[in-house]
Amino acid sequence: MAANPTTRDNWGSKLGFVLAAAGSAIGLGNIWGFPTQAGLNGGAGFVLVYLLCVLLIGVPVMIAELTLGRSSQSDPVGVFKKLAPGSPWKLVGVLGVVTGLVILSYYCVVAGWTLKYILLTLDGAFTGSTATEVAETFTGFVSNGPQVILFHFIFVLMTVLIVIGGVRGGIEKVTTILMPMLFLLLLLLVLRSVTLPGASTGLEFYLKPDFEKMDSTVILTAMGQAFFSLSLGMGAMITYGSYLSRREDLISSAVYVSIADTTIAILAGFAIFPALFAVEGLTPDAGPGLIFVVLPNIFNNIPLGQLFGAAFYLLLAIAALTSSISLLEVVVAYMIDQRGWARKKAAVVVGAMAFLLGVPSAVGNGYSSLFSGFLDRADFLFGKVALIVGGLFICIFLAWKWGIPRALQEIHRSNEHFALAPLWAVLIRFICPLGISILLIQTLWEFFS
Ligand code: TRP
């Protein structure tokens, strides 16, 4: 039985909603993923292409998800059931819910690492370590299965406790405190980084595009990164949009959230690259090891590094927490709306499922050879492929099944002058599906070859 719509949870204010949605978007993808990809793909050129992807694909798809959510006031499965009753389109919602559960499971594992790194840094565990020792500390920790599981558990528990509090009393309340904190911490780190002697080499790497390094894979990497970072493709924005009242403007919401997300990603680069180039012997192209293996060396080499290091991992943990609650909320909304569960039961049961599902990811980095590489594979299949497939279907559904006129009618309820409506229509009808399809083909090609 579906829950009574009049008792459905909602946001207390537009600012609360924007901060919560920005909190969903801003996460490990911004502070870990974005600098890692920028470092691997030539720096400034990647940043430029990324901005274009956010503008041409990210913002239009976010408007689409928010519109679908607000119009149906329902979870991702309920949206398709309401707008296209009796059709197989609801499977797109089901894919989103499953994707949310899987991403949550491994996301909390990595988020747990950040908790451990706050403690390690505060404890001075890296003081005086050589680069090899820093790397060994990382391998030693991630292959310590029981400990990784413990931190994973703590992170899932925090996520569950917030989601139990509800949309307004839990998610909105917590994100309105954590987001300003995150911003201040990041600003502090950027100031420290750009004022280090030798910071200019890093700034140049980050700001001066080297067009020789640009090729089609850079574009597709940037597009995939934008999708994950903006929390698109699995109905997270549908769910958050479904708690919006009809008075709140969707277009400005989508724009604010995208600007916030992109600003934080770019600032994360300003916190990392100048410091990285200021320390001799470090390179920006370390890949996923950048955050846990390269950065402690920076904190080792700068004044008050221990404190700045702890601040950095705290920043990562906060960013991850406001994202993990959105992942859990998607699945919880489904349980409440479609199965009639109480919020508390839904949060606890889904949290327990995510915890168990995360165990293979937690032990697959050196502890258990059976699950070796599990986390990376789960991330590829769900954090990449499933989001792209979901995003593609969301565009096609809105543009070709539900229809642009109905979508515009919904948007116009709160925004009579959506001047760029014709542009949005072209993007969501043609450009987004085309761009996302190419990304999908390339991703699958990569997988099978
Ligand atoms: N956007 C978050 C990040 O950058 C992760 C995330 C949260 C997410 N919710 C999502 C990604 C929904 C895709 C879909 O870390």
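## Close-up views of a predicted model

View 1. At 3% relative accessibility, A199 counts as buried, because the cut-off for buried is under 20%. The model shown here is predicted. A199 belongs to helix α9, which covers residues 199-207. Its C-alpha atom is separated by 4.3 Å from that of P274. Along the chain, A199 and P274 are 75 residues apart. With neighbours within four places in sequence left aside, A199 is in contact with S193, V194, P274 and A278.

**View 2. The salt bridge between E410 and R70.** How many salt bridges does a search of the whole structure find? The search finds 7. One of them joins E410 and R70, and the closest N and O atoms lie 2.9 Å apart. This pair links distant parts of the chain. E410 sits in helix α16 (residues 374-412), and R70 in helix α3 (residues 44-72). The two residues are 340 residues apart.

View 3. R246 forms a salt bridge with E410; here the closest N and O atoms are 3.3 Å apart. Again the pair links distant parts of the chain, 164 residues apart. R246 lies in the loop between α11 (236-242) and α12 (250-278), while E410 is in helix α16. R246 has a relative accessible area of 31% and is therefore partly exposed. Which residues are linked in a network of salt bridges? The network holds R70, R246, E410 and R413.

**View 4. The salt bridge between E204 and K208.** The side chains of E204 and K208 meet at 3.6 Å, N to O, in a salt bridge. E204 is partly exposed, with 46% relative accessibility. K208 has a relative accessible area of 55%. That value makes K208 exposed, because the cut-off for exposed is over 50%.

**View 5. S74 in a loop.** S74 is found in the loop between α3 and α4 (76-83).

**View 6. Helix α14 along its length.** Helix α14 runs over residues 305-339, 35 residues in all. At 1.5 Å a residue, α14 should span 51 Å. Its end C-alpha atoms are 50 Å apart, which agrees. How many of the 35 residues of α14 are buried? The number is 31, so α14 is mostly covered under the 20% cut-off for buried. G340 follows α14 and has a positive phi, near 70 degrees.

View 7. The 14 residues of α10 should span 20 Å at 1.5 Å a residue. The end C-alpha atoms of α10 are 20 Å apart, in agreement. The buried residues of α10 are V218, L220, A222, M223, G224, Q225, A226, F227 and S229. Which elements do these buried residues pack against? They pack against α1 (14-25), α2, α3, α12, α16 and α17 (421-448). After α10 comes S231, whose phi is positive, near 60 degrees.

**View 8. The largest pocket.** Rolling a probe the size of a water molecule over the atoms shows where empty space is left. The largest pocket has a volume of about 890 Å³. Its lining is made by 28 residues. Of these, W32, G33, Q37, P288 and D379 are the closest to the pocket centre. Which elements give two or more residues to the lining of the largest pocket? They are α2 (28-40), α5 (90-122), α6 (131-142), α10 (216-229) and α16. The largest share, 7 residues, comes from α2.

Technical notes:
Residues are numbered from 1 along each chain as its sequence is written. This is a predicted model: local features need pLDDT of at least 70, side-chain atom pairs count only at pLDDT 80 or more; totals for chains, interfaces and linings use all residues. Side-chain values use heavy atoms; hydrogens and water are left out. Helices (H or I, at least four residues) and strands (E, at least two) are DSSP runs, numbered from the N terminus. The expected span of a helix is 1.5 Å times one less than its number of residues. Buried means under 20% relative accessible area, exposed over 50%, partly exposed in between (1.4 Å probe, protein chains only). A salt bridge is a side-chain nitrogen of Lys or Arg within 4 Å of a carboxyl oxygen of Asp or Glu. On a 1 Å grid over the protein atoms alone, a cavity is a set of points where a 1.4 Å probe fits but cannot get out, and a pocket is an open set with protein on both sides within 12 Å along at least five of seven lines; lining residues have an atom within 4 Å of a point. Grid points are joined across faces, edges and corners, and a volume is the space filled by probe spheres set on the points. Contact means heavy atoms within 4.5 Å.
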